[in-house]
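Let us walk through a protein fold step by step. Keep the sequence and the model side by side as you read.

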Amino acid sequence: MLEVADATIKAIGKEKVGIRISPYGVFNDMPLYPEMDSDYSYLARQLNERGLLYIHLVDHSSIGAPVIPDSIRTMLRSQSNLHLIFSGGYDFKRAESDIAAGKADLIAVGKAILANPDLKKRWETGAALNAPDMSTFYTPGPKGYTDYPTLG
């Protein structure tokens, strides 16, 4: 990962490079291991030294992966001056809370914004959210991408 970051920085400049990480992700049987927290701490320091633009922390616990301990988020903030983007199962209240507390600089939402093109308005008004149709994810055509209803 660090070799790729270095090569990318060399090619386009550190101000255009960010990295997306997902500690505690278990996709394709990736195992949890005892040194995970210390490895990510090392990674945070190394990325900070390189001066990347951001670290995007993906939390897959909302879809069944193990929960990322708050200590990982705190460690990223304390060991890195990079912009922090958090994602994974955020609703309006949690997003606002993490931003207000300075835990993250930006909250990314994927499924919620895909299923709710007017998500900002829904969050502001407390309106119900459309449920994403995961059977349409990564499929061709507009179904599941541009056909969700908006508030009237």
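Predicted model: local features only at pLDDT ≥ 70, side-chain atom pairs only at ≥ 80, totals over all residues.

Helices (H or I, at least four residues) and strands (E, at least two) are DSSP runs, numbered from the N terminus. Here 4 strands make an open sheet, in the order β1-β2-β3-β4, with parallel pairing. β1 (18-21) and β4 (106-108) are the edge strands, and each pairs on one side only. From one strand to the next, the twist averages 20°. Two strands count as paired if DSSP finds at least two bridges between them. β1 and β2 (residues 54-58) are joined by 4 bridges. Ile-19 has Ile-55 as its bridge partner in β2. In general, strands of a sheet pair through backbone hydrogen bonds, either parallel or antiparallel.

Now look at the side chains of β1. They alternate along the strand. Ile-19 and Ile-21 point to one face and are buried (under 20% relative accessible area; exposed is over 50%, partly exposed in between, with a 1.4 Å probe and protein chains only).

Next comes the core. A nonpolar core is a set of buried Ala, Val, Leu, Ile, Met, Phe, Trp, Tyr and Cys residues joined through side-chain atoms within 4.5 Å. The largest one has 28 residues, and Ile-21, Leu-47, Ile-55 and Leu-76 touch the most other members. Two or more residues come from each of α1 (2-12), β1, α2 (36-50), β2, α3, β3 and α6 (119-125). The largest share, 5 residues, is from α2. Nonpolar side chains tend to be buried together in soluble globular proteins.

What is Ile-55 in contact with, leaving aside its neighbours within four places in sequence? Contact means heavy atoms within 4.5 Å. The list is Ile-19, Ile-21, Leu-47, Leu-76, Ser-80, Leu-82, His-83, Leu-84 and Ile-85.

In α1, the buried residues are Leu-2, Ala-5 and Ile-9. Seen down the helix axis, these fall within an arc of 55°, so they line one face of α1. The arc is that of the directions from the helix axis to the C-beta atoms. Their cover includes α2. On the face turned away from the buried side sit the exposed residues Glu-3, Val-4, Lys-10 and Ala-11. Just after α1, Gly-13 takes a positive phi of about 100°. Helix α3 (residues 70-79) lies across β1, β2 and β3 (83-87), and runs at about 180° to β2. Axes are lines fitted to C-alpha atoms, for helices over the stretch in contact, and angles run from 0 to 180 degrees between N-to-C directions.

A salt bridge is a side-chain nitrogen of Lys or Arg within 4 Å of a carboxyl oxygen of Asp or Glu. The whole structure holds 7 salt bridges. One of them joins Arg-73 and Asp-70 (3.6 Å, N to O). These two are 3 residues apart in α3, so about one helical turn separates them. Arg-73 is buried, at 7% relative accessible area, whereas Asp-70 is exposed, at 52%. Asp-59, Asp-70 and Arg-73 are linked in a network of salt bridges.

Arg-77 meets Asp-105 (3.3 Å, N to O). The pair links distant parts of the chain: Arg-77 is in helix α3, and Asp-105 is in the loop between α4 (92-100) and β4, 28 residues apart.

Finish in the loop between β1 and α2, where Tyr-24 lies. Tyr-24 has a positive phi of about 70° although it is not a glycine. Asn-28 is also placed in the loop between β1 and α2. Its phi is positive too, about 55°, and Asn-28 is not a glycine. Are these residues buried or exposed? Tyr-24 is buried, with a relative accessible area of 15%, while Asn-28 counts as exposed at 63%.

Terms used
Residues numbered from 1 in each chain as written. Heavy atoms only, no water.
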